[in-house]
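This report goes through one protein model, from the whole chain down to single residues. Please keep the sequence and the coordinates at hand while reading.

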Amino acid sequence: MEMIPTKLAQTILCLLLPLIIREYFMLFLRWHKCKTKFKYNNSESEQITCNNSEIDAKIEGDNIVIQENPVTPTMKSKIQNSLQEAEKHVHVCYKILEEVSNPIQKKLPELEPNENENENKVKDHLETLKNIANTEMENFSKKQAQEASERQVYNFISNSHSCMFIWKLHDYSAQKHQVKFRHKKEIYSEPFLTNPFGYKMCLVLKPRINDLVLKIYLGCYLKVLPGPMDNILTWPLKSNVKITILDQLNGCEHRSYNWKNFTAKVPKVGQTKLNTKDLGTRNFIPLDELLPFFLVDNSLLFKVEVKVF
């Protein structure tokens with residue numbers, strides 16, 4: 001950085017020095033009232049005639065080469081004096097250049113912190129861009145992971161799957177009494193899902209009288225309820241269903257009812273009551289046959305198996 005003013009001074013000096021020497025040399029000749037013939041060609045040479053003597057002056061680079069014919073000593077002395085004057089002016093030019101270069105040299109230390117500051121700004125900008133790129137990559141990775149998870153859920157829902165639900169009806173006699181005296185029409189199990197993202201269902205029991213055989217039967221139905229995933233599920237629902245009342249005494253006298261190709265439309269919001277479109281049978285088991293195998297400790301045990309396809 002310190003060499004920049006020196007090189008600048010040398011360049012300016014190299015341009016000015018030949019012109020200064022040449023001008024003073026020509027002034028010297030005019031001062032003596034010399035008859036001057038000026039010839040300038042591509043070879044950059046001058047021929048000067050003075051007092052019947054000839055001086056050939058050639059410019060070679062930054063130097064002036066003088067080739068003279070025999071002249072008087074007085075002429076030589078005057079030429080030397082003119083050259084000395086030119087040299088003084090050259091020194092003056094040097095001083096001017098130094099005066100110009102000194103402020104520049106003083107400014108250089110002030111410029112260096114600015115360069116460091118600019119470099120720091122560039123580094124900070126690059127670091128900011130790096131952080132932005134890393135954030136975008138993290139968001140992209142999270143988005144890909146979320147999409148992969150959603151695909152897994154979709155594939156899990158779309159594929160055929162089976163579920164099994166066990167329901168134990170407690171305090172059977174009290175439940176039967178409420179139905180008998182019209183306090184409620186049906187007995188509902190707690191809702192269940194065919195899988196964590198599947199169809200929502202419940203089991204419904206409804207005692208009724210069969211007039212043909214004069215017996216009271218326990219009707220059993222499967223009801224499809226409005227679920228949280230209905231918007232992404234396939235409708236109508238197609239499945240095979242098996243409802244079993246379990247033998248709690250011996251574990252072998254189970255009684256089942258099967259439905260194949262059961263279909264159901266998407267349920268309406270708030271539609272929770274039993275209707276004729278619900279899957280089931282009115283004559284699942286006579287009430288007088290619940291003892292002794294199925295009704296144990298005043299409770300019944302049901303198993304529901306659903307295979308969606």
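## Contacts and overall make-up

Of the contacts in the protein chain with a separation of 6 or more, 63% are between residues 24 or more positions apart; a contact means heavy atoms within 4.5 Å. This is a predicted model, in which local features need pLDDT of at least 70 and side-chain atom pairs count only at pLDDT 80 or more, while totals for chains, interfaces and linings use all residues. Residues are numbered from 1 along each chain as its sequence is written, and side-chain values use heavy atoms, with hydrogens and water left out.

The protein chain has 3 helices and 12 strands, taken as DSSP runs (helices H or I, at least four residues; strands E, at least two) numbered from the N terminus. Of its 309 residues, 30% are buried. Buried stands for under 20% relative accessible area, exposed for over 50%, and partly exposed for values in between (1.4 Å probe, protein chains only). The chain exposes about 21,200 Å², with 54% supplied by carbon and sulfur atoms; accessible areas come from the Shrake-Rupley method with a 1.4 Å probe, and for residues only the protein chains shown count as cover.

## Salt bridges

The structure holds 2 salt bridges, each defined as a side-chain nitrogen of Lys or Arg within 4 Å of a carboxyl oxygen of Asp or Glu. Lys 206 pairs with Glu 186, and their closest N and O atoms are 3.9 Å apart. Lys 206 belongs to strand E7 (residues 200-210) and Glu 186 to the loop between helix H3 (172-180) and strand E5 (187-188), so this pair ties together parts 20 residues apart in sequence. Lys 206 is partly exposed at 31% relative accessibility, whereas Glu 186 is buried at 13%.

Arg 255 and Glu 289 form a salt bridge with an N to O distance of 2.7 Å. Arg 255 lies in strand E10 and Glu 289 in the loop between strand E11 (279-286) and strand E12 (300-308), so the pair ties together parts that are 34 residues apart in sequence. Arg 255 is partly exposed, with 32% relative accessibility, and Glu 289 is partly exposed at 28%.

## Asp 247

Asp 247 sits in the loop between strand E9 (237-245) and strand E10 (255-264).

A polar atom of the Asp 247 side chain lies 2.9 Å from the backbone nitrogen of Leu 249. Leaving out residues up to four places away in sequence, Asp 247 touches Cys 252, Glu 253, His 254, Phe 293 and Phe 294.

## Ser 189

Ser 189 is located in the loop between E5 and strand E6 (192-193), and is buried with a relative accessible area of 7%. Its side chain reaches the backbone nitrogen of Leu 203 at 2.9 Å. Beyond residues up to four places away in sequence, Ser 189 touches Phe 165, Trp 167, Cys 202 and Leu 203.

Key. A polar contact is a pair of N or O atoms within 3.5 Å; within protein, one must be able to donate a hydrogen and the other to accept it, and residues adjacent in sequence count only if both atoms are side-chain atoms.
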